[in-house]
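Please keep the sequence and the 3D view at hand while reading.

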Amino acid sequence: MLYALSPIPLQVDGLFIIGWMYLPPHDPHVDDPMRFKPLFRIHLMERKCATVECMYGHKGPHNGHIQIVKKDEFSTKCNQTDHHRMSGGRQEEFRTWLREEWGRTLEDIFHEHMQELILMKFIYTSQYDNCLTYRRIYLPPSSPDDLIKPGLFKGTYGSHGLEIVMLSFHGKKAKGTKITGDPNIPAGQQTVEIDLAHPLQLPDIENLRDFSELSRIVLEVQEQVCREEQEKEHRQEEEDRSQQVASQPAAKPLGGEGAEGEETAAGSEGTTQDKAPASQPFVLPMGVISRNEDYPRTCRICFYGTGLIAGHGFTSPERTPGVFVLFDDDRFGFIWLELKSFSLYSRIKVSFQNAEAPSREAFDEMLKNIQSLAT
């Protein structure tokens, strides 16, 4: 079962319960496997007692504590934070963190903006290394009508590196929700939204290289979406008004026929994906920045979508237009029109072997017992 921090899978192994941190591969290698790092260990001993060990840092397991916060949520606390510190101080800790988390040294990073973002992430992470809270992740249900199977994906986010996103489907919409966050967009926010009722017909491969041509196509669809939303709001207002004044069941409200026709039109747009070719050539327009140049050169279908951008500290958030690109069952991309940036996402495929996973109810009860035993 998964708990959100990075996220955390909990593994029962004999007399131990081990919490592992899932870490994305080093940027920008989005197709590489996830990395694992132990965070805490609960030792179930005889005579109805248990010990909790923090495994964060480089000095081995040390004394910790666990506490149930509420349903589907618990926290761990380190009682010996000196085990997290290094003899060389913060500078040595930062360089070690940089090698482990990013697979590079500070000298390798020449871009000043990227250095700033990485330093911000290190400061934020190190502030909370002594007390961590975990919330259970409920993976989205799967439907035969879904474009692809929903689930967890690792994606490129420019200077922020790789982050984890949960893709879910909701009728004519698909949503990408951040499981891990950054100094601009925190975890839990909806990073991308895909409008499955508005597929995009990309130009031929030569014209696709022209960013202005792609921008024109996307902005035209954006205007269409805005008109449809305004018409829908107008119809809703008319329906509400007619319900207030009618003394008996009213006739079909103003715009009702148009609503039915538009729904049919949306339905026909939605079926475009069924009529789309198995694949079509794809290339990023000139000027669009991609951390990973090894993206697929063919795609199945594209849709209009919006992406969430904000300043540091999640200031002035706004949704901006973009293009959702479906490559195959396990990879998709998103072109951020305003940022002239491209994010590539790859499905997370991980599983524990030789480990028994208790049921959700059994594990919750186990945690309660461990908390009482450990205290």
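The notes below go from the whole chain to single elements and residues.

The model is predicted. The protein chain has 375 residues, and 43% of them count as buried. Seven helices and 19 strands make up its list of elements. Among the contacts with a separation of 6 or more, 55% are between residues 24 or more positions apart.

- Strand β7 covers residues 73–78, and five of its six residues are buried.
- On one side, strand β6 (residues 62–70) runs antiparallel to β7, and six bridges join the two.
- β7 also pairs with strand β8 (residues 131–136), again in the antiparallel sense, over five bridges.

**The cavity**

- A search of the whole structure finds one cavity of 30 Å³ or more, and the volume of the largest cavity is about 100 Å³.
- Its lining consists of 16 residues, and those nearest the centre are Leu 39, Cys 54, Thr 76, Leu 132 and Tyr 134.
- Two or more lining residues come from each of β4 (35–45), β5 (49–54), β6, β7 and β8.
- By class, nine of the lining residues are nonpolar, four are polar and three are charged.

**Helix α1**

- Helix α1 runs over residues 89–102, which makes 14 residues.
- From its first C-alpha to its last, α1 reaches 20 Å, close to the 20 Å expected at 1.5 Å a residue.
- Its buried residues are Glu 93, Phe 94, Thr 96, Trp 97, Leu 98, Glu 101 and Trp 102.
- The cover over these buried residues of α1 includes β3 (16–23), β4 and α2 (112–127).

**Backbone features in the loops**

- Most residues other than glycine have a negative phi, and most peptide bonds are trans.
- The peptide bond from Asp 27 to Pro 28 is cis, with omega near 5 degrees. Pro 28 is found in the loop between β3 and β4.
- Asp 72 has a positive phi, near 65 degrees, and is a residue other than glycine.
- The relative accessible area of Asp 72 is 14%, so Asp 72 counts as buried, the cut-off being under 20%.
- Phe 314, likewise a residue other than glycine, has a positive phi near 55 degrees. Its place is in the loop between β16 (301–311) and β17 (315–328).
- Phe 314 has a relative accessible area of 26% and is therefore partly exposed, a class that lies between the 20% and 50% cut-offs.

**Gln 280**

- Gln 280 belongs to strand β13, which spans residues 280–281.
- Gln 280 counts as buried because its relative accessibility is 16%, under the 20% cut-off.
- Beyond its neighbours within four places in sequence, Gln 280 is in contact with Gln 201 and Leu 202, and also with Arg 297, Thr 298, Cys 299, Arg 300 and Ile 301.

Key:
Residues are numbered from 1 along each chain as its sequence is written. This is a predicted model: local features need pLDDT of at least 70, side-chain atom pairs count only at pLDDT 80 or more; totals for chains, interfaces and linings use all residues. Side-chain values use heavy atoms; hydrogens and water are left out. Helices (H or I, at least four residues) and strands (E, at least two) are DSSP runs, numbered from the N terminus. Buried means under 20% relative accessible area, exposed over 50%, partly exposed in between (1.4 Å probe, protein chains only). Contact means heavy atoms within 4.5 Å. Two strands pair if DSSP finds at least two bridges between them. On a 1 Å grid over the protein atoms alone, a cavity is a set of points where a 1.4 Å probe fits but cannot get out, and a pocket is an open set with protein on both sides within 12 Å along at least five of seven lines; lining residues have an atom within 4 Å of a point. Grid points are joined across faces, edges and corners, and a volume is the space filled by probe spheres set on the points. Ala, Val, Leu, Ile, Met, Phe, Trp, Tyr, Cys and Pro count as nonpolar, Asp, Glu, Lys and Arg as charged, and the others, Gly among them, as polar. The expected span of a helix is 1.5 Å times one less than its number of residues.
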